[in-house]
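Please open the structure in your viewer and keep the sequence panel beside it. We will go from one selection to the next, and at each stop the text says what to look for.

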Amino acid sequence: MMNTIMNGKESAVKTQEYKLLKCPTGIKGFDEISFGGLPRNRPTLVVGTIGSGKTFFSMEFLLNGVIRYNETGVFMTFEEKTEELITNVSSLKYNLPQLINDKKIHLEHLLINQNEVHEAGKYNIDGLFVRLDLAIKKTKAKRIVLDSMDTLFLNLDKKMLTAEFHRLFTWLKDRNVSAIITAELGDTFLTRLGLEENIADCVIELTNRVINQISTRRIRIIKYRGSNHANNEYPFIIDANGMNVFPIVLRLFDQKILSKRIFSGIKKLDEMLDNKGFFVGSSILISGTAGTGKTSIVSSFAKSACNENSKCLFCLFEEAPNQLIRNMLSIGISLDEFVKDGLIEFYYARPSLQDLELHFMEIKEIIEKTKPMVILLDPVTNLMTEGPNSDVRSMLTRFVDFLKMKNITVMFTAAITLGSISQNPSDEGISSMVDTWIMLDDLVFDKKRTRTISVMKSRGMIHSKDVREFIISTNGIEIAKLDANKK
Amino acid sequence: MVSIKKKYKFDLFISGKTDLSNFAIGNIKRILEKNISGQYQFDIIDIQEHPEIASREQIITIPILIKKLPLPEVRMTGDFSDSQKVLHDLLIYN
């Protein structure tokens, strides 16, 4: 009895200590979802199909180790010739050949062509151990990558390999190195060798799925013994800056809540919003069918912000900037001067979903550079029409959360109506991520169309529940009480 | 011994003085002596002592026997317990 209690205590202490031992990958977003990185001084199994980014993930782990954490590394590859590997990562900013030259990284090709090797009786993979050991000693490596084990698996006796992999994992732990071992997807490799359950403390899965001809890369932490980790699948991209994982905001609690207000640029609309307009750093959705005046509200808001000397980033996914400027001028909203002053910056792109995450990335980069206070997205509907809605929603949610953390006010337009929500309840997800939702509608009576405006919701304020008439003329935007008999 | 050019040249790579190493050495020596006595040069390389050779020779599995001569080079891994298979795969004709 006494014994059990003691053991329990001991293991609790161990877990506590273990939690602190993390090895940061330096991969944007990944260290957040893993709460600090990979297990330090332990092997991690990274699984994924061909082209899912295993090699890239591993290489960036190693390169960041050298550049950012002053830890040398060894990259053992079964897959590609070393020259090819160097070419493949040359898109990254790091100079791999230089690092190899400086003995910061040791890169070695493990050529295994078992078709040309005959087998007769028992053997093991001691050659690998000896070579790895030498490489670790030469570079004093703290980070190891073995990419990928399938080559061995395809060539050598499975029973022998199972035993040898167990030995390899134990051996790596004894060497006090943080290691990544990559393998192709699970079924064949993990289950048959029984690796996942027994020896790997941390298993990460990368996928590259094509849905509706749109390819999305995903990363998921399948297991992480002794550590908390985020469970979802997270999208990631690989670009010139390396790998980027997009966590669905984990740090939202850090966000400062501001009570400062910002005017909408339409006096009567501000009146509907507690007389004070929107909250700074909130997200505002303008929804309505085509031609209800969504863009004019966005433009008024931009103009008003500029008048207050707030920088705006205007992201257009439909009209080109010049077209927008001309059209807005026709209703008395002149944006040209602000563009010249540099208060309005445009981002213009034709929407296509496979690029959505890239658009958001580029927009984020512009934000980091020019630090706007207001972002306008017109419209996001185009982005939502393609592909599985949930994907777009989660991308948009992450983007909005990112803006919130920076206290940037965001206004975006979408062609959503009440009707469409009752038909397609999933659209409600969009409303739940916005703080203020303004609905434009188009009523027909007396053979005439009448535009209406109403505030569907606005968190944190007493807002008007009225449906009012929304008038766009050459003099700009007016909001009036809706004629009683029109109702 | 005066170095006379032998018809056969073999390198056996082992890793430490283990049971497996000893078993493999014993088996291969017996096979060679029985079948091509006097016609071969046989070297044992312990990669624990010469780890850099393991990289140079692309050694992964251990023990491994490389028949360097006559060409073509042939590689064989295991404990060499099956002498018929060893002779056949190494292209040794006596």
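Before selecting anything, keep in mind that this is a predicted model. Begin with chain B and go to B:Pro70, which you will find in the loop between β3 (64–69) and β4 (74–78) of that chain. The peptide bond that leads from B:Leu69 into B:Pro70 is cis, with omega near -5°. Stay in the loop between β3 and β4 of chain B, and select B:Pro72, which lies there as well. The bond joining B:Leu71 to B:Pro72 is a cis peptide bond, and its omega is about 5°.

Of the contacts in chain B with a separation of 6 or more, 65% are between residues 24 or more positions apart.

Next, display both chains together and look at where they meet. Here 26 residues of chain B are in contact with 25 residues of chain A, and the area buried between the two chains is about 1,900 Å², with carbon and sulfur atoms giving 61% of it. Select B:Gln58, B:Ile60 and B:Thr77, which supply 32% of the area that chain B buries against chain A, more than any other three residues. How many salt bridges are there between chain B and chain A? The count is zero, while 15 residue pairs are found in polar contact across this interface. On the side of chain B that touches chain A, α2, β4 and α3 (83–89) each supply at least two residues, and the largest share, five residues, comes from β4(B). Sorted by class, this side of chain B has 13 nonpolar, eight polar and five charged residues.

Return for a moment to B:Gln58, which is found in the loop between α2 (51–56) and β3 of chain B. Its phi is near 55°, a positive value in a residue other than glycine. A related case is A:Lys103, whose phi is near 60° and also positive; look for A:Lys103 in the loop between α5 (96–101) and β5 (105–109) of chain A. Is A:Lys103 buried or exposed? With a relative accessible area of 56%, A:Lys103 is exposed.

For the last stop, stay in chain A and select strand β7 (residues 143–147), where five of the five residues are buried. Show the side chains, and you will see A:Arg143, A:Val145 and A:Asp147 pointing one way from β7(A), with A:Ile144 and A:Leu146 pointing the other way. Strand β4 (residues 73–77) of chain A pairs with β7(A) in the parallel sense over five bridges, and A:Met76 has A:Leu146 as its bridge partner in β7(A). Strand β8 (residues 178–183) of chain A also pairs with β7(A) in the parallel sense, over four bridges, and there the bridge partner of A:Val145 is A:Ile180.

Technical notes: Residues are numbered from 1 along each chain as its sequence is written. Chains are lettered from A and ligands numbered from 1 in the order in which they are written. This is a predicted model: local features need pLDDT of at least 70, side-chain atom pairs count only at pLDDT 80 or more; totals for chains, interfaces and linings use all residues. Side-chain values use heavy atoms; hydrogens and water are left out. Buried means under 20% relative accessible area, exposed over 50%, partly exposed in between (1.4 Å probe, protein chains only). Contact means heavy atoms within 4.5 Å. Buried area is the accessible area (1.4 Å probe) that two parts lose on being put together, summed over both. A salt bridge is a side-chain nitrogen of Lys or Arg within 4 Å of a carboxyl oxygen of Asp or Glu. A polar contact is a pair of N or O atoms within 3.5 Å; within protein, one must be able to donate a hydrogen and the other to accept it, and residues adjacent in sequence count only if both atoms are side-chain atoms. Ala, Val, Leu, Ile, Met, Phe, Trp, Tyr, Cys and Pro count as nonpolar, Asp, Glu, Lys and Arg as charged, and the others, Gly among them, as polar. Two strands pair if DSSP finds at least two bridges between them.
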